[in-house]
Amino acid sequence: MINGAGKDRPVLITGGAGFIGTNLAHRLLEQGRSVIVFDNLSRAGVEENLQWLRKQHHAGLEVEIEDIRNLIALRRSVARAGAVFHFAAQVAVTTSLTEPIHDFEVNARGTLNLLEAIRAQPEPPSLLFTSTNKVYGALEDLPLRNAAKRYAPQESTIRAHGVGEDRPLHFHSPYGCSKGAADQYVLDYARTYGLPAVVFRMSCIYGPHQFGTEDQGWVAHFLIRAIENETITLYGDGKQVRDLLFIEDLVDAFLAVEERIDFLSGEAFNIGGGPANAISLLELVEQIGALRGKKPSVQLDAWRRADQRYYVSDTRKFQAATGWVPRTDVEKGIEALHEWLLAFRSERSALKRPRSVSKIRLSRTAERGAA
């Protein structure tokens, strides 16, 4: 368990203005803990999240508008932290294919910067790093049944439980390589230097504060396209299957790791909704249609490189270690995200004028003084 002194120090969240970081920061701040949001605000929508956090929490929140590649700024924040959650990343396979050097610098070098900043501390804070299921590659050797609306594994164990951590690593795409390298560095720093660190190899996470795009955050993206009466593009045949995990359940998992870091350090866990929350792209489109009373328009396009036809997380290892289980089923979770998107868009349209980004990009001095 994290010691009392660690809990008295701020929690550092890199990429803290993003979808996952915002939800974790909100939970921690509600608990009366201090949070440092470390984010360069490069992703669309994160300014909105940061405004929301500031509106909800008038104490305990600090903001560092900085880049994970800035080692000096990173060391300054890490030196104050009792725990670190590392979400800052280049998040899209497609972007990694066109800008592989940038992808490497952010995902691999940025993570190494963070590890070195943590290692330099006399009492290193705990670290949770969010990796990806892409470290297992395209899973092309996984025998599948081609059903009407989804792919299903032929092997009964995988069909019942999903893909486990014993699956060999097979990095595919620059994104898979950069996140995979970071994944392995985190585990090795736990082993070699004794840093208290855990890796989550995550499936598809969804929920409020997610501004999904075609490249990342596809559940929110599908809903946004449906709300806007725009066509949804499915790459491949739409039978690809993923397990979905609602953001509140993921935050529960984060906090379970923090409480048990001494026992879990050096481990990697597959985290997702599991077989009970698995859904194909075609099935999600149908569910959105039932939710909205009108099926979205869909068009098909060519398969994208490194796309897994089937990936569902086997979470039994993490469940056995912590007792954690997902509590939000797909139908309720998608409905909650849909309601949030509608409310957010209604609130934004009611404003006379959106707040400019320049008003959010306060200097570090001003941000710390305002917190």
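In this predicted model, the buried residues of helix α12 pack against α9, β10 (232-235), β13, β14 (298-301) and α14. The buried residues of α12 are Leu281, Glu283, Leu284, Val285, Ile288 and Gly289. Helix α12 is made up of twelve residues, and its span from first to last C-alpha is 17 Å, close to the 16 Å expected at 1.5 Å a residue. Just after α12, the backbone at glycine 293 has a positive phi of about 80°.

Helix α14, one of the elements against which the buried residues of α12 pack, covers residues 330-350. It has 21 residues, and the distance from its first C-alpha to its last is 30 Å, close to the expected 30 Å. Buried positions in α14 are Val330, Gly333, Ile334, Leu337, His338, Trp340, Leu341 and Phe344. These residues lie on the same side of α14, because they cover an arc of only 165° around the axis. In general, an α-helix has 3.6 residues a turn, so residues three or four places apart point the same way. The face of α14 turned away from the buried side carries the exposed residues Glu331, Lys332 and Ala350. The cover over the buried residues of α14 includes helices α3 (46-56), α9 (218-227) and α12 (281-292), together with strands β9 (204-206), β11 (241-246) and β13 (278-280).

Aromatic contacts were examined next. A search of the whole structure gives 15 aromatic pairs. In one of these, phenylalanine 85 and phenylalanine 87 have ring centres 6.3 Å apart, and the pair is tilted because the planes meet at 45°. Phenylalanine 85 is buried, at a relative accessible area of 3%, and phenylalanine 87 is buried at 11%. Phenylalanine 200 and phenylalanine 254 form a stacked pair, with 5.8 Å from centre to centre and 20° between the planes. Phenylalanine 200 belongs to strand β8 (residues 197-202) and phenylalanine 254 to helix α10 (residues 247-259), so this pair ties together parts that are 54 residues apart in sequence. Both phenylalanine 200 and phenylalanine 254 are buried.

Arginine 304 is placed over the face of tyrosine 235, at 4.3 Å from the ring centre. The charged end of arginine 309 lies over the ring of tryptophan 303, at 3.8 Å from the centre of that ring.

The structure contains zero disulfides. Cysteine 177 is in no disulfide, and the nearest cysteine sulfur, that of cysteine 204, is 20 Å away. Likewise, cysteine 204 is in no disulfide, with the sulfur of cysteine 177 the nearest at 20 Å. The separation rules out a disulfide between these two residues, because the sulfur atoms would have to lie within 2.5 Å. Cysteine 177 is partly exposed, with a relative accessible area of 37%, whereas cysteine 204 counts as buried at 14% relative accessibility.

Conventions:
Residues numbered from 1 in each chain as written. Predicted model: local features only at pLDDT ≥ 70, side-chain atom pairs only at ≥ 80, totals over all residues. Heavy atoms only, no water. Buried < 20%, exposed > 50% of the residue type's maximum accessible area, 1.4 Å probe, protein only. Phe/Tyr/Trp six-rings, centres within 6.5 Å; stacked < 30°, edge-to-face > 60°. Helix = DSSP H or I, 4+ residues; strand = E, 2+ residues; numbered from the N terminus. Lys NZ or Arg CZ within 6 Å of the ring centre and 35° of its normal. Expected span 1.5 Å × (residues − 1). Arc of directions from axis to C-beta. Contact = heavy atoms within 4.5 Å.
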